[in-house]
Amino acid sequence: MSAGAALAGPDHRFFRDDDDPGEVTSTAGLGLVPFTVLPHRNRGNAERHDRQALRHDGRTRFVSIGDDQTVIVHGVSWTIRNSP
């Protein structure tokens, strides 16, 4: 689910890493939502998510969620919801 959430956004270049194999010609996402979901916040990634989002290009919006959360999208608005 986390990979699918990342692909739903406009671009997934944020997830590139120096040790990625091969040459990627496009990092375009599906563009289903206007933000990039950063999953697994509760697995010790909170500071990393916050730090990387702040130093990114400023044009990309990030939504950081934990494993027990989801993003619900209604038109142009969205909310983060905890699992029941």
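Reader: Leaving aside neighbours within four places in sequence, which residues is Val-71 in contact with?
Author: This is a predicted model, to be clear. Val-71 is in contact with Phe-35, Val-37, Val-63, Ile-65, Trp-78 and Thr-79.

Reader: And which residues make up the largest nonpolar core?
Author: Seven residues, written 7 in the count: Ala-8, Val-33, Phe-35, Val-37, Val-63, Ile-65 and Val-71. Phe-35, Val-37, Val-63 and Ile-65 are also among the contacts of Val-71.

Reader: What share of the chain is buried?
Author: Buried residues make up 25% of the 84 residues.

Reader: Zoom out. How many helices and strands?
Author: The protein chain has 2 helices and 4 strands. From the N terminus, the order is α-β-α-β-β-β.

Reader: What box do the C-alpha atoms fill?
Author: Roughly 40 × 30 × 25 Å, along the principal axes.

Reader: How much of the contact set comes from residues 24 or more positions apart?
Author: They account for 46% of the contacts with a separation of 6 or more.

Reader: Switch to Thr-60. Where is the place of that residue?
Author: Thr-60 is in the loop between α2 (46–55) and β2 (62–64).

Reader: What does Thr-60 touch, not counting residues up to four places away?
Author: Arg-13 and Thr-36. As for Pro-34, its C-alpha atom is separated from that of Thr-60 by 8.3 Å, with the two residues 26 apart along the chain.

Reader: Why does Thr-60 count as partly exposed?
Author: Because its relative accessibility is 22%. Buried would need under 20%, and exposed over 50%.

Reader: Which residues make the nonpolar surface patch?
Author: Leu-7, Leu-30 and Leu-32 make a patch of about 330 Å².

Reader: Take Leu-30. Where is it found?
Author: Leu-30 is found in the loop between α1 (2–8) and β1 (36–38).

Reader: Buried or exposed, that Leu-30?
Author: Exposed, because Leu-30 has 62% relative accessibility. The cut-off for exposed is over 50%.

Methods: Residues are numbered from 1 along each chain as its sequence is written. This is a predicted model: local features need pLDDT of at least 70, side-chain atom pairs count only at pLDDT 80 or more; totals for chains, interfaces and linings use all residues. Side-chain values use heavy atoms; hydrogens and water are left out. Patches are made of residues with over 30% relative accessible area and no salt bridge: like charges are joined within 9 Å, nonpolar side chains (Val, Leu, Ile, Met, Phe, Trp, Tyr) within 5 Å. Accessible areas come from the Shrake-Rupley method with a 1.4 Å probe; for residues, only the protein chains shown count as cover. A salt bridge is a side-chain nitrogen of Lys or Arg within 4 Å of a carboxyl oxygen of Asp or Glu. Buried means under 20% relative accessible area, exposed over 50%, partly exposed in between (1.4 Å probe, protein chains only). Contact means heavy atoms within 4.5 Å. A nonpolar core is a set of buried Ala, Val, Leu, Ile, Met, Phe, Trp, Tyr and Cys residues joined through side-chain atoms within 4.5 Å.
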